[in-house]
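Reader: Please take one part of this model and go through it closely. I would like the surfaces through which one chain meets its neighbours, and then whatever lies behind those surfaces.

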Amino acid sequence: MAGRRGIGAIATVWRKEVRESLRDRRTLISALLFGPLFGPLILAASLQFLVHRTVEEADQRLVLAVRYAERAPNLIAWLEARNVAVTRVALDDAATRRAVQDRAYPLVLSIPADFGTRLAAARPAPLQLYSDASAGRTDRDGARARALIAQYGAGIGRLRLLARGVDPLLQMPIVVQEIDVSTPQSRSVTVLGMLSYLVLLAMILGGLYLAIDATAGERERHSLEPLLTTPVPREQLIYGKILASATFMLLSLTLTVIACAIALRFVDLENFGMTARLDAGVVAKIILATAPLALAAAGLMTVVASFTRSYREAQTWLGIVMLVPTLPIVFVGLADLQPSLGLMAVPSLSQHFLITTLLRGEAISPLYALVSVASSLALGAALAFVAGRLYRRESLLG
Amino acid sequence: MIAAEGLVKSFDGVKAVRGIALRAEDGAITGLLGPNGAGKSTTLRMLCTVLAPDAGEAWIDGTHTARDPLEARRRIGVLTHDSGLYPHLTARENILYFAELHGMARAARERRADELIDWLEMGAFAGRRAKGYSQGQRIKTALARALVHSPRNVLLDEPTNGLDVMAVRNLRVLLRRLRDAGHCVLFSSHVMQEVSALCDVVVVLARGSVVARGTPEELRISTGCDSLEDAFVKLIGTDEGLG
Amino acid sequence: MPNAYCTAYWPDGGHPQSGLKRAIALALLALPVAGLAAPQAVEFAPCQLVHPAGLATVAADCTRVRVPEDPDHPGARQIDLFVARVPAISARKAGDPLFIFAGGPGAAASEFYAGVAPAFARVSRDRDIVLVDQRGTGRSNALRCAFDDEALLDAGDGEIASETRRCLAEVSTHADPRLYTTSIAIRDLEAVRRALGYGKINLYGVSYGTRVAQHYLRRYGAHVRTAILDGVVPPERILGPDIAIDAEAALDRVLARCAADDPCRAAFGDPAVHYRALRAQLAERPAGVLLAAPRTGERLALEFGATHLATVLRLSTYSAEQAAILPLALHEAHMHRNFVPLASQFLLMTDSLAGQMAYGMHHSVVCSEDMAFVDERADRTALASTFIGTLQLDGLAALCRVWPRGAVDADLHAPLKSDVPTLLLSGGADPVTPAKDGARAAAGFSHAVHVVIDGMGHGQIGAPCVDRLIAEFLRGGRAMGLDLSCVKRVRPMPFFTTLAGPAP
């Protein structure tokens, strides 16, 4: 009888697991709060911070302390005309180093005694810039100061040549004219590269607790043994649980992508010449492109959880294993791989490629999409099969 | 009716059950008595197909447990050592879940659940989630769950563990009613009083083997002991682990 | 003398560039008055705007807007206006773009922009920038002529006339030069505004471009949100005899600044002394100079005379950076008979001007709008003491006798009254549009601020802090309350006191 209604049993288990998880605050928090809410929030907040820092720092006055400013009044006047706030300081070398380290003066320009004589002799005239390259802000301000000083030097160099009757453009035998064909959407992918990472993680996190609960948790609560006395083949029990976990992953995935689309509206990426407008169509396509991976992810989580002896152990293991699907993305980022038919057969990697393509606003190759869906579902089926085999083991009861 | 012959089971090379044979008849309460580690739970688990025996065979109403485990399971209701309820489901939902797994139709499930809740006097808590149940409530729920498909055979693994006196009395009443209704009731215990008070037949286990079987009276007489307690101590060779 | 001398305003312009993949022609603007065409769906294609020297490129979207050459005869010849839009970086951009009008006359807005784009970077963050090559310039049916600058430098009126006739014949093959005046050009700009579907626009005009901007304001002020006038030519101003006088005044200021600067005075004393002595010397007898050509390195001999000096003096004061080596060059020539710095600058300046300007368009504007209003019998004694003298006036007069004059709006030179918020920028040592011109123009604006940057030359767009100023002005849309503190800190490039450079 049970054999004939095997699908029914799977559905029964699925329904029960979903219902129970919907009542479990921990599962709900991880599925509906951590991934879908905090992930996009953190993404949006960090992007917004980055955008503002870049734009604002360029607008702020550059604070520069100068030792021996009297040795180069023209240089100082030139800098002051260019949004540099110069503070004249009298510090020796050791005190200057300390002041830079303590951030009392994050950036100190020192004018050596021979600056004037070397400049007058048309020899490279030295300037010393004290900065702390390990401090991000100071480092960026240092780069600004260096660029300004270089600009002043370049102006003198140009006039030196002019005064000698040489065309300054002789120094530029070749000019590269950049023709950048990137679009606001494609540029934003460099910043939004972490979006697919985030989406995958949030998706897995959504089904993680259900996977643990349905296996290690059930064993720990001793509800597994009565379950095994029911006339349902064991693999059908686990299929139902995997599907329930996958369902929660899909739920989390949907919420996460929608939340990302909403959160990114509040990021002024436009100031960067980017646009991250995830319209409804792109959101739907990202969800559809990623969905096939849910089965494989749920299968993987369930298989690993089935090996563990306790809820706590499962948590520890899955915390590590949930990163596995994101590894290909990291690798691709490092190796700068481009999508190919072969790579589209790698689950999680193919989803990353599909999401990136969608973010770029480009069309997805149907073949690529097909390979991605097929390979992901095949992996999911394989993992489900393995999980089913594992459930036949007697050591399951622990 | 439950029958077993020559059941053997080892865990990591340690023999837990060394060739047990037993029979539990319909309309009778059969008790598996033995100290901790005697092999009671392992035997029950083999009978309810959760474990496969290394050797030996078992039948439920004549159905071979290894050859047709699903059919065997359909014929048994099991109350495991721990009640194992789903804390986020109500008692009624716990019961209905198992009914569904047994393939019962929706209307039959509902009717049977009502029946059991009524019969086990669970009305006061059946709609509440199982999370805060007392031990008695848990056992009742688990029992209802085990009986939801009206199995002919009922297996109970140390069902009185952790129950207070009143709850134990209630359980005894329930088990007798099951027997009187013609069910085959097989339960394990290390509590002698319970067995002597309830069982029609006692199977005494020690170190994985059956050391005696018979009515409590037969056991006392055959060992030549004045009290049943002395008879058991004599049978298992030690009073260790016997409560 | 249609070389640098005849360049009345702003020596900038450019080469034609490639990059427009397809020109999308609009339907004929069939209405009798250009600029009243119904808005069309304009299709843009990606393109690159290239600086005349090729040093910088800017990505833009380009298109063409077709207008009748003669608005009174819309059925006759049509010309395509080259229009480039530099899209704002931000997708949440302001709805009103900035239109940029280049100088010259004869420079193309698209090429001018490619050279100064960094100064508009802040504006470009959240506002489209629209560049219309004014009719007759750049890629809008440019009225270009090939000239031999060197040969014409000391040319007499006859040679200028024949050269101008040759130029006229050249441009007449594809244009009627009478139709390339400011009066008609602003109708084009209005047509573009409508074609692109903008309600209000902002204006930035530099040098001659300020005349275009002000005339546009006069006609279509209701469509202007704000205006920036950089190196202001007031409407009343007629470019003529004043050119020589203003140039002399600017030179005086530059040399006086050197004399007031301790290191500069220590090195050269009063540089005006060298200047006057040199002028007198060269007026008497040109100096023979042997030098390596600045660019090619070829050995060449040059008879460096008063005209050459005048060219260097005039163009050196256009930018404060160039002016930084002027006292040194004068000193070298006067004290050491070393004319290489002056001569090589002359060569470089004329070299960089050649081919950049659409001289035909320049002539159309100057002859119709300026020389037509100059009284040639007026007293010229004031000019005698200047280094330019009557040289330029005579030259312009000679070519305008040949060049056909176009009709000019009656109110072109009438004082302008406007309440559009306006930012006026002047250089303290501007040789062409001195600060007093800016002040005069500012008087006609009820919501204006006039910023004068000490020591700077013609056109302030490259000066430090001006990029912030215009971005803030455009963002707020009001002239009052602008933070002008940074303007006060601006200093021109310090003078070179030796060939090695300035004082430290």
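**Chain A and its two partners**

Author: Between chain A and chain C, nine residue pairs are in polar contact, both residues of each pair being at pLDDT 80 or more. The elements that give two or more residues to the side of chain A that touches chain C are helix H2 (25-59), H3, helix H5 (115-120) and helix H6 (136-163) of chain A. H6(A) gives the most to this side, with eight residues. By residue class, the side of chain A that touches chain C divides into 27 nonpolar, eight polar and 14 charged. The model is a predicted one.

In total, 49 residues from chain A and 38 residues from chain C take part in the contact. The two chains bury about 3600 Å² between them, and carbon and sulfur atoms give 57% of that area. Three residues of chain A, namely A:Leu159, A:Leu162 and A:Ala163, supply 16% of the area that chain A buries against chain C, more than any other three residues. One salt bridge is found across this interface. The salt bridge joins the side chains of A:Arg158 and C:Glu321, at 2.7 Å from N to O.

The interface with chain B comes next. Here 29 residues of chain A are in contact with 30 residues of chain B. About 2900 Å² is buried between chain A and chain B, 58% of it on carbon and sulfur atoms. The salt bridges between these two chains number four. In one of the salt bridges, B:Arg45 pairs with A:Glu225, with the closest N and O atoms 2.7 Å apart. A:Arg15 forms a salt bridge with B:Glu100, where the closest N and O atoms are 2.3 Å apart. A:Arg15 lies in helix H1 of chain A and B:Glu100 in helix H3 (residues 91-101) of chain B, so this pair joins two chains. Over all chains, the whole structure has 50 salt bridges.

Polar contacts across the interface of chain A and chain B come to 10 residue pairs, both residues at pLDDT 80 or more. Helix H1 (6-22), helix H8 (224-228) and helix H9 (234-264) of chain A are the elements that give two or more residues to the side of chain A that touches chain B. H1(A) gives the most, with seven residues. The residues on this side are 12 nonpolar, five polar and 12 charged.

Chain A also has a sheet. This is an open sheet of four strands in the order S2-S1-S3-S4, with mixed pairing. Strand S2 (84-89) and strand S4 (128-130) of chain A are the edge strands, each pairing on one side only. From one strand to the next, the twist averages 30 degrees. Within the sheet, strand S1 (residues 62-67) and strand S3 (residues 108-110) of chain A pair in the parallel sense over three bridges. A:Arg67 stands opposite A:Ser110 in S3(A).

Two helices of chain A meet this sheet. Helix H3 (residues 73-80) lies across S1, S2 and S3 of chain A and runs at about 145 degrees to S2(A). Helix H4 (residues 93-101) of chain A packs on the sheet, touching S1, S3 and S4, and its direction makes about 40 degrees with that of S4(A). H3(A) is also among the elements that give two or more residues to the side of chain A that touches chain C.

Terms used
Residues are numbered from 1 along each chain as its sequence is written. Chains are lettered from A and ligands numbered from 1 in the order in which they are written. This is a predicted model: local features need pLDDT of at least 70, side-chain atom pairs count only at pLDDT 80 or more; totals for chains, interfaces and linings use all residues. Side-chain values use heavy atoms; hydrogens and water are left out. Contact means heavy atoms within 4.5 Å. Buried area is the accessible area (1.4 Å probe) that two parts lose on being put together, summed over both. A polar contact is a pair of N or O atoms within 3.5 Å; within protein, one must be able to donate a hydrogen and the other to accept it, and residues adjacent in sequence count only if both atoms are side-chain atoms. Ala, Val, Leu, Ile, Met, Phe, Trp, Tyr, Cys and Pro count as nonpolar, Asp, Glu, Lys and Arg as charged, and the others, Gly among them, as polar. Two strands pair if DSSP finds at least two bridges between them. Axes are lines fitted to C-alpha atoms, for helices over the stretch in contact, and angles run from 0 to 180 degrees between N-to-C directions.
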